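Please open the model in your viewer and keep the selection panel at hand. The tour moves from one selection to the next and says what is to be found at each stop.

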Amino acid sequence: QEISGGRFIFGLGAGAAPGTSWAREHELLNIPLYDSARERHRHVAHVLDLCDAQWEPDRTDTWAGFPLPSPRPPILLGVNSVGLAEIAGARCDAMNVALDHPRIEQFIEAAHAARAVSDLAGSPFEVNAWTAL
């Protein structure tokens, strides 16, 4: 945040299934991937919990050696399932989805529904789309 003048956006995703073409970068770096989408989604929620703890102004001394970003960076979650869309809506500031995904409308609806009943209800939520074109 300091280097970018507050323009940093923290983007993350659940990772691909092991053995898929999307998993190649993880394999090259020996980063383990969970076999099930449920476990990958659980891991994303855990990372978000860690970010909340680390970026909390009244955080515990555990995080004392880490810089406290100011302002807190927005979080963008890559989405390719309803479960991830729900996590994005409830916990993140934005989601990123493939523009040509056949379920894009369902993902957007799921994210907005999760947002409406979350602690972030009423706060802005951005939907970004990517395309290979």
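Start by selecting Arg72, which is partly exposed at a relative accessible area of 37%, a class that lies between buried (under 20%) and exposed (over 50%), as computed with a 1.4 Å probe on protein chains only. The model is a predicted one, in which local features need pLDDT of at least 70 and side-chain atom pairs count only at pLDDT 80 or more, while totals for chains, interfaces and linings use all residues. Residues are numbered from 1 along each chain as its sequence is written, and side-chain values use heavy atoms, with hydrogens and water left out.

Asp52 is partly exposed, at 31%. Salt bridges that share partners join Asp49, Asp52, Arg72 and Arg91 into one network.

Select Arg91 and Asp49 next, whose salt bridge has its closest N and O atoms 2.8 Å apart. Arg91 belongs to helix H3 and Asp49 to helix H2, so this pair ties together parts that are 42 residues apart in sequence. Both residues are classed as partly exposed, Arg91 at 28% relative accessibility and Asp49 at 42%.

Arg24 is partly exposed at 46%, and Glu27 is partly exposed at 37%. The count of salt bridges comes to five.

Return to H2 and select residues 37-55, a stretch of 19 residues that should span 27 Å at 1.5 Å a residue, in agreement with the 27 Å between its end C-alpha atoms; the expected span is 1.5 Å times one less than the number of residues. Within H2, colour Arg40, His41, Val44, Leu48, Cys51, Gln54 and Trp55, which are buried. They cover an arc of only 140 degrees around the axis, which puts them on the same side of H2, the arc being that of the directions from the helix axis to the C-beta atoms. The buried residues of H2 pack against strand S1 (10-12), strand S2 (75-78) and helix H3 (82-91), with contact meaning heavy atoms within 4.5 Å.

Finally, show the open sheet of four strands, ordered S1-S2-S3-S4 with parallel pairing, where two strands pair if DSSP finds at least two bridges between them. S1 and strand S4 (126-130) stand at the edges, each with a single partner strand, so one side of each has no neighbour in the sheet. Three bridges join S1 to S2, and Phe10 stands opposite Ile75 in S2. H2 packs on the sheet, touching S1 and S2, and its direction makes about 160 degrees with that of S1; axes are lines fitted to C-alpha atoms, for helices over the stretch in contact, and angles run from 0 to 180 degrees between N-to-C directions. Helix H4 (residues 104-116) also packs on the sheet, touching strand S3 (94-98) and S4, with its direction at about 170 degrees to that of S3.

Notes: Helix = DSSP H or I, 4+ residues; strand = E, 2+ residues; numbered from the N terminus. Salt bridge = Lys/Arg side-chain N within 4 Å of Asp/Glu carboxyl O.
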